[in-house]
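Let's take a friendly walk through a protein structure together. Have a look at the sequence and the 3D view, and then read on.

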Amino acid sequence: MSQTATLPAGARFDDDLPPALRVRGYWSSVGVRLRHDPATLCFGVIVLLIVLAAIFAPLIAPFDPYKESVVLRLKPFGYRGHPLGTDELGRDLLSRLIYGGRSSLLMGLVPVCIATALGGTLGVIGGFAGRTVNAAIMRTMDVFYAFPSVLLAVAISGAMGGGMANGMAALALVFIPAMCRVAETATAQVRSLDFIEAARATGAGTFTIVRYHVLGNVLGPVFIYASSLVSVSILLASGLSFLGLGVKPPTPDWGLMLSTLRQSIYVAPLSCALPGAAIFVTSICFNLVSDGIRSAMDVRL
Amino acid sequence: MSAPSAPARSAMAGSVPAIRGASSATPDGRDRSGHDGWAVPEPPLVEVDDLTVRFVTREATVHAVNGVSFSVRPGEVLCILGESGSGKSVTLRAMLRLLPPRRTRIEGGIRIDGQDVLALDKRRLRELRGGLVSMIFQEPMTALDPVYTIGAQIAETVQRHKGGSRAAARARALELLELVKIPSAERRLDNYPHELSGGLRQRAMIAMSLSCGPRLLLADEPTTALDATVQIQVLILLRRLQRELGMGTIFVTHDLGVASEIADRIAVMYAGRIVEEGPVADVLSAPQHPYTQGLLASTVHGQSRDHDIEAIPGSPPDLRRLPSGCAFAPRCLHVQPDCRAAVPGPRYPSHGRMARCLRVTDAALAAAE
Amino acid sequence: MSTTLTAPRPYAEDVGGPAQPLLIARDLAKHFRVRGGSKTARVRAVDGVSFTLFKGETLGIVGESGCGKSTLARLVLHLVERDGGELIFDGEPVGAPRGISIAALRRHVQMVFQDSYSSLNPRMPVQDSVAFGPFVHGRKKPDARRVARDMLVKVGLNPDLFGPRYPHELSGGQKQRVNIARALAIEPRMVILDEAVSALDKSVEAQVLNLLRSLKQQFNLTYLFISHDLNVVRYVSDRVLVMYLGRVVELGPSEDIFTNPLHPYTRALLGSRPSMDPTNRIEEPPITGDPPSPIDPPGGCRFHTRCPFAEAVCEAKSPELGAWLERGSHVAACHMLNAGSGHSAAPA
């Protein structure tokens, strides 16, 4: 087909963009900035190791985490091949820690994913819809937002009867209002920009505009907030398990381990500290990685 | 309380022997007096010598200003004309060291009233800013603090530089608001910036900048954001104030019309260099550099509707990768192979005029041949 | 439907014929409510604006900030809802049941926005931004992209070099060319240019004006050119409309308005332009004070608070504009021109 489009008079090809400056999209520029951030990379590696350890637990755990032994209770580090000793029922602590990562990470990540999907959608709808719909959504969220998160999680989980699935649902419900608010703010900001008006002027419907123009710009702030929620979620999930509202025994879980080892604190204090250390390290590493991602993404183009 | 008037200052300065002492009878080009005939034996208020400013980041180095030299005499208005990316605003900010310190590399010399600005310590620099030298900006809403009344802001500047009681400072603030012709000045002293319209805010900023009787006024496109009827009022006001107070002024703009209204001399910048300089009437009526000629031709002013405007083709160069040789060569209609070989040196076709173009005949060289 | 944009289009969709004005605006009004504490002020952004736009011409709209010209542009495209008045596009009323729908209007009228950092989606490559219009109107994605690249050529940008780039990598002039390409990609008949060259450097402005001129000829377009720069408006427009505080104060052929302005405000505007001659500078500003705020504007003639010729009748009664429907008429809303208005300078 003939592309004999002729240049209008007075125009000339602007062949002045130097070849050294590559075309770089937003996400790849984020990647470049991250590559030059050694602190974030370091913590990111730690997070990766924790996740991999949880996934490949059967391969790396030295013992069966459920195997009890009346004789080997609360033994110290290194006793008979148990690198970190045993817990109050004689089970190997290291294996339980590794397996415990599974439930803790699950209860950390899944609620955030659910909250992002649901809360994010509600937020975008609220940000783009008219005043009444917006008010309806946001004021409903405000009601839930008014409760302290721990209290709300405990209340919902307790009412539903505990257990891992109910715990995850409770945490998701706790995070939805916050996520909704972030998404709504981002949408409201994007909505007033010129290119949205231009898209409307082209004749696009609301759904098309949201899909092609709004989502891409809202995803950034939402993702940043979600990544910072993961560390909070791990903490809250451990708290729920500690209170007996999360995972049921004998499933290994850091919060549950804290609760059961608590009674033995005078006998084997170091063993008690281990699940707490695991929660702390995991939570902090996720937090720092999310901070690094936020700095990398928070650039005015 | 106000600065000594211009005639008094010239009289005082006249007793000091001239630094660049050559008489202006022969067009040797080195004397930048800009007036035919008399070499005014005053030391220049501002002397910028081979100023180079680079912004260094991990990704690239931006060569914002590349060897700029000019001088301003007391009471003279120099207009720096250029488009975006020409380096005009950077030059102005460099003079008060307002550029981000970590990324910026400044070389060359800047002397204001004999003081080497680049060598000043923090305390002296603070005294200089707002005292001897004052600056007004394009967007008054961001230059004025929104949580203080304008009366309070002006009074604060006065007190910091001159001391004295708060009542005296407030009286001075009122005096200044009346000087810039703000109606109902007494009432406006207690207004916040957002309560004023754009033109009044700009006048308030001008009042604030004059509060300590500066000898040098730096203006960074102060009228660009204003409506047409307000712009002409502010320009006339600035011109009147400059004449009455005898301030040297460096006025940065991209608008030829504004330059013709306010400037004594004009310096045209392109890609971080001054490409043409001279008295404003001469430069605008007979431009020597192809870029200045292109700017004049492409300014919309009464052209016939049936023809295209003579636009300069292409776009300004990327300051991260300046071409070797003349920066304007890729867009110049008269380009020759020599133009790309090296940056053209300054040529002085007549007294007080300079152009960086190989096609311009230097009067001294011509006389020597 | 043609798939390439090479040949100039004939009046294929010309419903009303060449004599029918493309757009007639009658008493358009738009008020905003501003809540400030206890009282509710009304911003009369556009307050009874009427004009005609003939096929193939360029109508320039000038005014200072607060005059309502940007709101007017958005009213024409129905990006904001009308509070009053009517709009007739090529003989058919817009939004009326028997007339043309707003969606259909947007096929024929497009807008080029001022170059700002947000006029293009920062997360979208430039060619996708341009292709969005055709895509919305039914083309498949590869087809839409081809139309977009074609359009980029038409505005003087190499599609291979510029298509995949993001807005932040482009200069102001290049971004504005993309804006123009975006507006023309769906082949409209009329283009509203809202301060389209105001944010550009003067040399780039000249390039873009030349481009607009040639595109207008190539595609048989009609322009509504909104600007605050009088010189540019004079060069570009066939007729000019001067606005002040939401009202039309003067309307007429471009040369007539610039050589013989009738309204005092127009005269003040023209006299505020810098002289371009350093030996002949403007000594006194033609008008003092700032343009008043459009919130609760002055009664009667809106300009009477700053007019050197204001009299009692100007505060009491609003002047009529006169015959604005005809093509060659030069009219102004001023009591001094209307016979029997009560002003001392009015003709008997």
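## A strand with two neighbours

Start with Val48(B), whose bridge partner in β4(B) is Ile110(B). Please keep in mind that this is a predicted model. Val48(B) also has a bridge partner in β2(B), namely Phe70(B). Strands of a sheet pair through backbone hydrogen bonds, either parallel or antiparallel.

Now zoom out to whole strands. Strand β1 of chain B covers residues 46-56, strand β4 of chain B covers residues 104-112, and the two pair in the antiparallel sense over eight bridges. Nine bridges, again in the antiparallel sense, link β1(B) with strand β2 (residues 61-72) of chain B. One place to look along that pairing is Val53(B), which stands opposite Val65(B) in β2(B). How many residues lie between β1(B) and β2(B) in their hairpin? There are four residues between these two strands.

## The sheet in chain B

Chain C has an open sheet of seven strands, with the order β6-β7-β8-β3-β9-β10-β11 and mixed pairing. Why is one side of β6 (109-112) and of β11 (331-332) of chain C left without a neighbour in the sheet? Both strands stand at the edges and each has a single partner strand, so one side of each has no neighbour there.

For β6(C), look at strand β7 (residues 190-194) of chain C: the two run parallel and are joined by four bridges. Within this pairing, Val109(C) has Met190(C) as its bridge partner in β7(C).

## Where chains B and C meet

Next, turn the view to the contact between the two chains. It takes 44 residues from chain B and 43 residues from chain C. Together the chains bury about 3,600 Å² between them, and 51% of that is on carbon and sulfur atoms. Which three residues supply more than any other three to the area that chain B buries against chain C? They are Thr229(B), Val300(B) and Arg305(B), with 20% of that area.

Across the interface of chain B and chain C there are 28 residue pairs in polar contact. On the side of chain B that touches chain C, the elements giving two or more residues are α8 (198-210), α9 (228-245), α10 (256-262) and α11 (280-285) of chain B. Of these, α9(B) gives the most, with eight residues. Sorted by class, this side of chain B has 18 nonpolar, 18 polar and eight charged residues. The interface also has three salt bridges. In a salt bridge between Glu283(C) and Arg239(B), the side chains meet at 3.8 Å, N to O.

## How confident is the model?

Chain B averages a pLDDT of 84, and 89% of its residues score at least 70. Over residues 8-34 of chain B, though, the pLDDT is below 50, and this stretch has 44 contacts in the model beyond near neighbours in sequence.

Terms used:
Residues numbered from 1 in each chain as written. Chains lettered and ligands numbered in written order. Predicted model: local features only at pLDDT ≥ 70, side-chain atom pairs only at ≥ 80, totals over all residues. Heavy atoms only, no water. Pairing = 2+ DSSP bridges. Contact = heavy atoms within 4.5 Å. Buried area = accessible area lost by both parts, 1.4 Å probe. Salt bridge = Lys/Arg side-chain N within 4 Å of Asp/Glu carboxyl O. Polar contact = N/O pair within 3.5 Å; in protein donor to acceptor, adjacent residues only side chain to side chain. Nonpolar A, V, L, I, M, F, W, Y, C, P; charged D, E, K, R; others polar. pLDDT = per-residue confidence, 0-100.
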